[in-house]
Amino acid sequence: MIELPLQIAFQEHRLTKEQEAAACDDPMARLVKQHARFVFRVAYSVLRNVHDAEDVVQETFLKVHRARSWESMVDEKAFLSRAAWRLAVDRLPNARTAVLDFDVLSSGQDPEQAAIKADWSATIHRLIDALPVELRQPLALSTVEELNSQEIAQVMGIPEGTVRTRLMRARQVLKQKLGALMAGQHGK
C-alpha cells in the first residue's frame, strides 16, 4: 500500500520532446532534440546499418555546430536531411558489408508463419537492395521517411521530375521482380 503513493510522490513531471525543445534556450540543443530521430531515419534509409547511421547523425550535427549553420537555416528539416543524406552517401562503400538482421517477434503466429513472413520480408529487402542506387535512394526516402517528391528533390539535389521518374521506375522494377519471383514459385 505504501509503495504506490511513494511511486507517485517520486515521479517527476516529464515534458514531451516538443515541449523540451521549446523550453531549451540553446538553439543547437533544441535543434538536436527536435530532429535527431529524423536525421537518423534519413541516414539509416541510405546506409541500412544502425551504427553507421548513428555516426552520420553525430557528424551531421557536429558540422552544423562547427559552421554555426543553425543560425541561417530557413527549413531545418530539409537542411538537416540533405546534410545527413550527403554524409550517408559518402559512407556507402564502407557500408556495403552490413548484414541485415530480422527479428521474428512473437505475435501469436505459429513458427512456420513467422518464418515465412521473415523470409518474405528478407526477400523484399534483398530486391530493394539490388536496385541501382539512383532508384533505391529516392524509394527509401519516399517509403521510409515519407518525404514527398519535392522534399526528396531538395535532399538529393536533383529536379523533382527526376525524382518522380525514378520512384515510378523503382516501383516498376520491384513489381516485375516480384512478379517473376511469384511466377517461379507457382511454377514449382
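## Close-up views of helix packing and salt bridges

**The buried face of helix α7.** Leu-135, Arg-136, Gln-137, Pro-138, Leu-139, Ala-140, Leu-141 and Ser-142 are the buried residues of α7, where buried means under 20% relative accessible area, exposed over 50% and partly exposed in between (1.4 Å probe, protein chains only). The model is predicted, with local features requiring pLDDT of at least 70 and side-chain atom pairs pLDDT 80 or more, whereas totals for chains, interfaces and linings use all residues. Residues are numbered from 1 along each chain as its sequence is written, and side-chain values use heavy atoms, leaving out hydrogens and water. Helix α7 is mostly covered, with eight of its 11 residues buried. For the chain as a whole, 31% of the 188 residues count as buried.

**The chain in outline.** Nine helices and zero strands make up the secondary structure of the chain; these are DSSP runs (H or I, at least four residues, for helices; E, at least two, for strands) numbered from the N terminus. Along the sequence the pattern reads α-α-α-α-α-α-α-α-α. Of the contacts (heavy atoms within 4.5 Å) between residues at least 6 apart in sequence, 64% join residues at least 24 apart.

**Packing of helix α7 against helix α8.** Helix α7 spans residues 133–143 and helix α8 residues 149–156; their axes come within 10 Å and cross at roughly 130°. Axes are lines fitted to C-alpha atoms, for helices over the stretch in contact, with angles from 0 to 180 degrees between N-to-C directions. The angle makes α7 oblique to α8, the class left after roughly parallel (under 35 degrees), roughly antiparallel (over 145) and roughly perpendicular (65 to 115). The crossing of α7 past α8 is right-handed, that is, the near helix is turned clockwise from the far one by less than a right angle (anticlockwise is left-handed). On the α7 side, Gln-137, Pro-138, Leu-141 and Ser-142 make the contact, and on the α8 side Ile-152, Val-155 and Met-156. Five of the residues in the contact of α7 with α8 are nonpolar, two are polar and none is charged (Ala, Val, Leu, Ile, Met, Phe, Trp, Tyr, Cys and Pro count as nonpolar, Asp, Glu, Lys and Arg as charged, the others, Gly among them, as polar).

**Packing of helix α3 against helix α4.** The axis of helix α3 (residues 27–47) comes within 8 Å of that of α4, and the two cross at roughly 140°. Helices α3 and α4 are therefore oblique to each other, and their crossing is right-handed. Helix α3 contributes Met-28, Leu-31, Val-32, His-35, Ala-36, Val-39, Phe-40, Ala-43, Tyr-44 and Leu-47 to the contact, while α4 contributes Val-50, Asp-52, Ala-53, Glu-54, Val-56, Val-57, Thr-60, Phe-61, Val-64 and His-65. The contact of α3 with α4 holds 15 nonpolar, three polar and two charged residues.

**The loop between α3 and α4.** Arg-48 is placed in the loop between α3 and α4. Its phi is near 60°, a positive value in a residue other than glycine. Arg-48 counts as buried because its relative accessibility is 18%.

The structure holds seven salt bridges, each a side-chain nitrogen of Lys or Arg within 4 Å of a carboxyl oxygen of Asp or Glu. One of them joins the side chains of Asp-55 and Arg-91 at 3.8 Å, N to O. This pair links distant parts of the chain, with Asp-55 in helix α4 (residues 50–67) and Arg-91 in helix α5 (residues 76–95), 36 residues apart. Arg-91 also forms a salt bridge with Glu-59, with 2.6 Å between the closest N and O atoms. Since Glu-59 lies in α4 and Arg-91 in α5, the pair ties together parts 32 residues apart in sequence. Asp-55 is partly exposed at 32% relative accessibility, as is Glu-59 at 28%. Shared partners join Asp-52, Asp-55, Glu-59 and Arg-91 into one network of salt bridges.

**The loop between α4 and α5.** Arg-68 lies in the loop between α4 and α5. Phi of Arg-68 is near 55°, a positive value in a residue other than glycine. Arg-68 forms a salt bridge with Glu-71, the closest N and O atoms lying 2.5 Å apart. With a relative accessible area of 46%, Arg-68 is partly exposed.
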